[in-house]
Amino acid sequence: MIPTYPEPNRPTVSPYTQKIEEYVRSVGESLGLTETQGGRERLEAGYGHFVAWTYPEASFRDLCLCADWLFVTFILDDLHTLKVYDAPGAWAPVHRRLMEIINTGEDPAPARERTPFTEALTDLSIRTAERLSPALRGRLNRHLDLFFQGFAEESENRFRGTPPGIESFTQTRRLSVGMEFGFDLVELSLETEVPADVYETGLFREIIEAASDVVAWQNDLHSVHLDNKRGDFHNVVIVMQHAAGISLQEAIESAVAKLRRRVADFLAAEEQLLPFLASRGVPPRIREEILKVTAGMRQWTNGCLEWYGNTTRYRIPATSGESDQQHAHLEMLLPSQVRASA
């Protein structure tokens, strides 16, 4: 069992589950994913169900925004590991282009370089800017930038060919898991916003970082055998195995214990939050809204574990050849790094 937050009841799920799954599949079809076998298999992973578990209180309009961002970032998470991008410097021009689109709602590339994917990201950026306050939009954009930075750091580690140390790994994994922007979307889904002077406090940062580590390490425990098979050492279990010179099973047991401690860190910080907010003179209504956000982080995490029980995203390929070609269908979504930097 993967450790997680103790809750008296099973996580709730959105009433729009089937409707949002159909929506995500239609987005995948518009991007051309149904034109390849690999793309069709990817759409079977149930990304609509994923957002139904993680943002259950969102209106359907906001759930679509959350689904679009999560689906886009799942695609980019796969895309950056393709050999054409996975080298020092190769991801950088793509990162710059993505952030230009996200920050401005305009694609800086010439028309001939645009694809259904970049057009969809442009449209998503515009719709998000219309929905969010300037402050929350700016925070979301900064967190997406850090997410892409995490990809670059992982590529640098793969280029060196050895796993990073546990401290370095923790910092990079905290970026590449992308939970800071994922939790920004919790605020969107709840139609609330954590004030900047609270969000940047040491206590709230402690909550965010603990919650991000919990999601990252749960994912690593769930996917460790897949990561081990394809030789990806960006996994807390594999990093701990390498650092301590222990067996994979021993490293799994150590990672489980490490995750339990991080869950406890989150809960301890969350318990301090209400008196901390009161001491700062935060009005009662705002305090309640902020506590709903941290409860939403727990819901997100436990809902994600529910999704793990049904998704095919982390299926172990039957053959090494299948593993090598796992994301080949994504090459049509963005031009190569040579063309991207033109």
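A salt bridge is a side-chain nitrogen of Lys or Arg within 4 Å of a carboxyl oxygen of Asp or Glu. The structure holds 27 of them. This is a predicted model: local features need pLDDT of at least 70, side-chain atom pairs count only at pLDDT 80 or more, and totals for chains, interfaces and linings use all residues. Residues are numbered from 1 along each chain as its sequence is written, and side-chain values use heavy atoms, with hydrogens and water left out.

**A bridge between two helices**
- Asp213 and Arg262 meet through their side chains in a salt bridge (2.8 Å, N to O).
- Asp213 lies in helix H11 (residues 202-230) and Arg262 in helix H13 (residues 248-279), so the pair ties together parts 49 residues apart in sequence.
- Helices (H or I, at least four residues) are DSSP runs, numbered from the N terminus.
- Asp213 and Arg262 are both buried; buried means under 20% relative accessible area, exposed over 50%, partly exposed in between (1.4 Å probe, protein chains only).

- Asp265 counts as partly exposed because its relative accessibility is 33%.
- Arg262 has a relative accessible area of 15%, so it is buried.
- Salt bridges that share partners join Arg174, Glu180, Arg205, Glu209, Asp213, Arg262 and Asp265 into one network.

**A bridge between a buried and an exposed residue**
- Asp62 and Arg61 meet in a side-chain salt bridge (3.7 Å, N to O).
- Asp62 is buried, at 0% relative accessibility.
- Arg61 is exposed, at 55%.
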